[in-house]
Amino acid sequence: MEKYLIVLGVFVIISYLYIKLAIKFNIVDKPNERSSHTQSTIRGGGILFLISLLLFYYLSGFEYTYFVFGTLLIGIVSFIDDLKTLSSLIRLPFQFIAIFFILYQFDLDLIPLYFLPVILLVGVGFINVYNFMDGINGITGLYSISIFIGFYLINNDIHVINQDLIIFLVLSLLVFGYFNFRKKARFFAGDIGSITMAMCVFFIGFVLVKETSSPLILFSVVVYGTDAIYTMLYRLKIKEKLSEAHRQHIYQKLVHVLKIPHLKVSSSYAIIQLIVNIIIYYSYNASLKIQCMVILFFS
């Protein structure tokens with residue numbers, strides 16, 4: 001417990017230091033017509049997530065080197081993107097490399113060669129969806145915590161991931177939430193935050209699915225997935241280019257059309273996902289028939 005309190009304190013100190021540096025170097029997110037906020041706000045506060053991963057890496061005796069390296073690589077690229085917008089032609093290759101490092105962390109011989117491109121595409125798609133969903137106060141922090149609660153419970157049963165990885169990430173999310181889960185946030189996660197968190201969720205989720213062979217664990221991100229699929233289909237329907245920035249996500253419509261406060265929408269997404277993840281926890285080791293029934297229920 002003492003270790004976790006010290007780590008929590010470190011995150012608090014880093015947060016205040018980052019705020020001072022961001023103000024000094026003008027690292028701010030200025031609102032535009034597509035923004036969900038109305039005032040300039042410090043961006044890149046999600047650097048806490050990358051620091052929590054690096055701190056875990058050091059204290060754990062350098063576990064998961066390839067995963068950490070891949071996340072550090074894409075984290076740096078994402079932070080540069082926060083400072084000065086990069087073309088997708090620059091970002092995408094690094095995203096594929098980062099996902100490859102996650103797969104390389106394990107025995108690639110266990111993955112059929114023809115299936116490797118599919119997983120890479122799914123991984124890159126996932127981290128981009130996670131990034132796109134980071135558009136209102138509180139959503140990345142609360143939603144990620146709801147995912148990690150489910151992961152922690154399952155991993156506590158099967159012990160395939162060092163639990164400190166999940167705990168350190170949750171601690172960083174709690175500190176981040178103190179500054180972000182507000183009507184007027186002190187800072188936003190930025191691409192470095194949402195992309196880093198997406199990498200961590202993908203890595204831990206990949207391990208849990210691999211070790212349990214449970215399709216149910218894929219639904220640990222079903223709320224984001226539902227929003228993303230709906231948005232994509234809707235934009236195709238209205239013949240809107242998928243590559244263009246937009247305000248068509250369900251959470252954006254709830255905020256901008258129905259005028260529901262950011263924090264209520266963020267809390268709703270997280271609570272729904274948490275309920276789903278608790279159901280997953282009690283069903284992931286059930287028979288395939290029962291798991292399919294649960295999946296049908298979610299659908």
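## Exercises: a cavity, some salt bridges and a greasy pocket

Ile-74, Val-77, Ser-78, Asp-81, Arg-91, Gln-95, Asn-131, Asp-191 and Ile-195 form the lining of the largest cavity. Keep in mind that this is a predicted model.

**Exercise 1.** Work out which elements supply two or more residues to the lining of the largest cavity, and how the lining splits by class.

*Solution.* 
- Step 1: Start with the space itself, which comes to about 50 Å³.
- Step 2: Look for the top contributor. H3 has the largest share, with 4 residues.
- Step 3: Sort by class, and you get 3 nonpolar, 3 polar and 3 charged residues.

**Exercise 2.** Two of those lining residues, Asp-81 and Arg-91, also pair up in a salt bridge. Find where each one sits and decide whether each is buried or partly exposed.

*Solution.* 
- Step 1: Check the contact: the N to O distance between the side chains is 3.7 Å, and the cut-off for a salt bridge is 4 Å.
- Step 2: Asp-81 belongs to helix H3 and Arg-91 to helix H4, 10 residues apart.
- Step 3: Asp-81 has 7% relative accessibility, so it counts as buried.

**Exercise 3.** The whole structure has 5 salt bridges. Take the one between Lys-3 and Asp-164 and say which parts of the chain it ties together.

*Solution.* 
- Step 1: The side chains meet at 2.6 Å, N to O.
- Step 2: Lys-3 is in helix H1 (residues 2-24) and Asp-164 in helix H7 (residues 163-180), so the bridge ties parts 161 residues apart in sequence.
- Step 3: Lys-3, at 38% relative accessibility, is partly exposed, while Asp-164, at 13%, is buried.

**Exercise 4.** Describe the second largest pocket: its volume, the residues closest to its centre, and the classes in its lining.

*Solution.* 
- Step 1: Its volume is about 910 Å³.
- Step 2: The lining has 27 residues, and Val-122, Phe-126, Phe-202, Leu-218 and Val-221 are the closest to the centre.
- Step 3: Helix H5 (116-132), H8 and H9 supply at least two lining residues each.
- Step 4: Count classes: 21 nonpolar, 5 polar and 1 charged.

Note on methods:
Residues are numbered from 1 along each chain as its sequence is written. This is a predicted model: local features need pLDDT of at least 70, side-chain atom pairs count only at pLDDT 80 or more; totals for chains, interfaces and linings use all residues. Side-chain values use heavy atoms; hydrogens and water are left out. On a 1 Å grid over the protein atoms alone, a cavity is a set of points where a 1.4 Å probe fits but cannot get out, and a pocket is an open set with protein on both sides within 12 Å along at least five of seven lines; lining residues have an atom within 4 Å of a point. Grid points are joined across faces, edges and corners, and a volume is the space filled by probe spheres set on the points. Ala, Val, Leu, Ile, Met, Phe, Trp, Tyr, Cys and Pro count as nonpolar, Asp, Glu, Lys and Arg as charged, and the others, Gly among them, as polar. Buried means under 20% relative accessible area, exposed over 50%, partly exposed in between (1.4 Å probe, protein chains only).
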